[in-house]
Amino acid sequence: MIYLDAAATAPARREVLEEMWPLLTTTFGNPSSHHTYGEAAAAAFSSARARLAAVLGCRPSEIVITSGGTEANNLALKGIALASPRGRHIVTSAIEHAAVAEVLRYLQDAHGFRITELPVSPTGLVAVADLEAALQADTTLCTVMYANNEVGTVQDVAALADVCRNRNVPFHTDAVQAAGWLPVDVGRLGVTALSLSGHKLGTPKGVGLLYLRSGTRCEPVLHGGGQERGRRSGTENVAGAVGLARALELAQQALPAAADASSWARDAFIARILAGVPGAVLTGDAAARLPNLASFCFPGVSGEAVLLEIERRGVTCSSGSACAAGSNEPSAVLLALGLDAGTALSAVRLSWMQGTARTDLEEAARAVVASVHAVLALGAARPAPDLAPA
């Protein structure tokens, strides 16, 4: 089976598990405990934070370890919005992950924030001019994701963050899909806050981080023992933090060579499918897109039917965000790109890891083409329903 759903999750890397193992078996103490086991765990936790900061280009004190990307987004958005708002206005894009969109809906419904959704181009790009026009005197926060998880479009985060910095508006980006494929140096990006998740990089599920620029006020979401400098209470996940540090180091060390090679393979993969399926629609930006993600709509067929046929041919992929799996509703992201509901329901997303072989992508492309034609043929063979009155 060829696994092409890395945008949903990736397998844990052996190197990561090996580095985590001692923290689960021998150096397993609570970092807050003042004895040998606790001090050893605290030292490992501090080292992991420093390693993460080195990759992100920030201070260790600016790293908050979380349970994943969703918690990191919640902490960033609720924390910044509620800590010292200069108003009740937040700017975002129309294609954010649910872990951002639902938080903003909560802030709107429970705390009276006004939410401005920036439109996107048909390929999913946010215009800098639209952001400039949307910022107001009482704008408390702006959040725009770095790379879209469904269509792979990559935003010019540095340019967007620069607009916000010039207006003294904190800027957050959800970089969960970007990490491992794009630069995540927070200084160069110019962001106030940035969210990452480990399981997209090769850690077990359950660990992530929030970069929060020093001096940024942030109301905690979790209250308790005051860990993480009071920003995130709860016994620290030492093994997870160590695994996240190792996974992020491995992913970033492979760049840019891995991204360049994957981009070449991605473009060939896309070309094969577009040539093999007349009428297929590439979703997302053709150039400003993740190196490891290709997404299509196949008008006239059911995306779920195509997915089942593709898996029957030995390839695992998805119809879009795993967080919306099983929904009968068209993707809000695809609708924001201007696609009609019927076309949006034909979506198929394929995403891979740094180690995925080009031969696997070639085989997968053949499987996709054959599957779409098989589903089209099946639909054509079905008799039309008898609509004549009884």
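**Note on pockets, cavities and local geometry**

1. The lining of the second largest pocket divides into 11 nonpolar, 7 polar and 2 charged residues. The model is a predicted one. The space in this second largest pocket is about 320 Å³. Its lining has 20 residues, and those closest to the centre are Ala-10, Lys-200, Leu-201, Met-353 and Gln-354.

2. The largest cavity holds about 50 Å³. Its lining consists of 12 residues, with Glu-150, Thr-283, Ser-319, Leu-334 and Ala-347 nearest the centre. Strand 10 (293–297) and strand 12 (347–351) are the elements that give two or more residues to this lining. By class, the largest cavity is lined by 6 nonpolar, 4 polar and 2 charged residues.

3. The second largest cavity has a volume of about 40 Å³. It is lined by Trp-264, Ala-265, Ala-268, Arg-272, Arg-358, Leu-361 and Glu-362. Helix 9 (257–276) and helix 13 (358–381) each give two or more residues to the lining of this cavity. Helix 9 supplies the largest share, 4 residues. In the lining of the second largest cavity, 4 residues are nonpolar, 3 are charged and no residue is polar.

4. The structure has 3 aromatic pairs. One of them joins Phe-269 and Trp-352 in an edge-to-face arrangement, with 5.5 Å from centre to centre and 65 degrees between the planes. Phe-269 belongs to helix 9, whereas Trp-352 is in the loop between strand 12 and helix 13; the pair therefore ties together parts that are 83 residues apart in sequence. Phe-269 is buried, at 0% relative accessible area, and Trp-352 is buried at 2%.

5. Phe-296 and Phe-298 make a stacked aromatic pair, 5.9 Å centre to centre and with 20 degrees between the planes.

6. Some backbone geometry deserves a check. Most residues other than glycine have a negative phi, and most peptide bonds are trans. The peptide bond between Leu-255 and Pro-256 is cis, with omega about 0 degrees. Pro-256 is found in the loop between helix 8 (238–253) and helix 9.

7. Which phi value does Asn-168 have? Its phi is near 60 degrees, a positive value in a residue other than glycine. Asn-168 is in the loop between helix 6 (157–166) and strand 6 (171–174). Its relative accessibility is 62%, and Asn-168 counts as exposed because the cut-off for exposed is over 50%.

8. Glu-228 likewise has a positive phi, near 55 degrees, and is a residue other than glycine. The loop between strand 8 (208–212) and helix 8 contains Glu-228. With a relative accessible area of 7%, Glu-228 is buried, because buried means under 20%.

Conventions: Residues numbered from 1 in each chain as written. Predicted model: local features only at pLDDT ≥ 70, side-chain atom pairs only at ≥ 80, totals over all residues. Heavy atoms only, no water. 1 Å grid on protein atoms, 1.4 Å probe; cavity = no way out; pocket = protein on both sides within 12 Å on 5 of 7 lines; lining within 4 Å. Points joined across faces, edges and corners; volume = space filled by probe spheres on them. Nonpolar A, V, L, I, M, F, W, Y, C, P; charged D, E, K, R; others polar. Phe/Tyr/Trp six-rings, centres within 6.5 Å; stacked < 30°, edge-to-face > 60°. Buried < 20%, exposed > 50% of the residue type's maximum accessible area, 1.4 Å probe, protein only.
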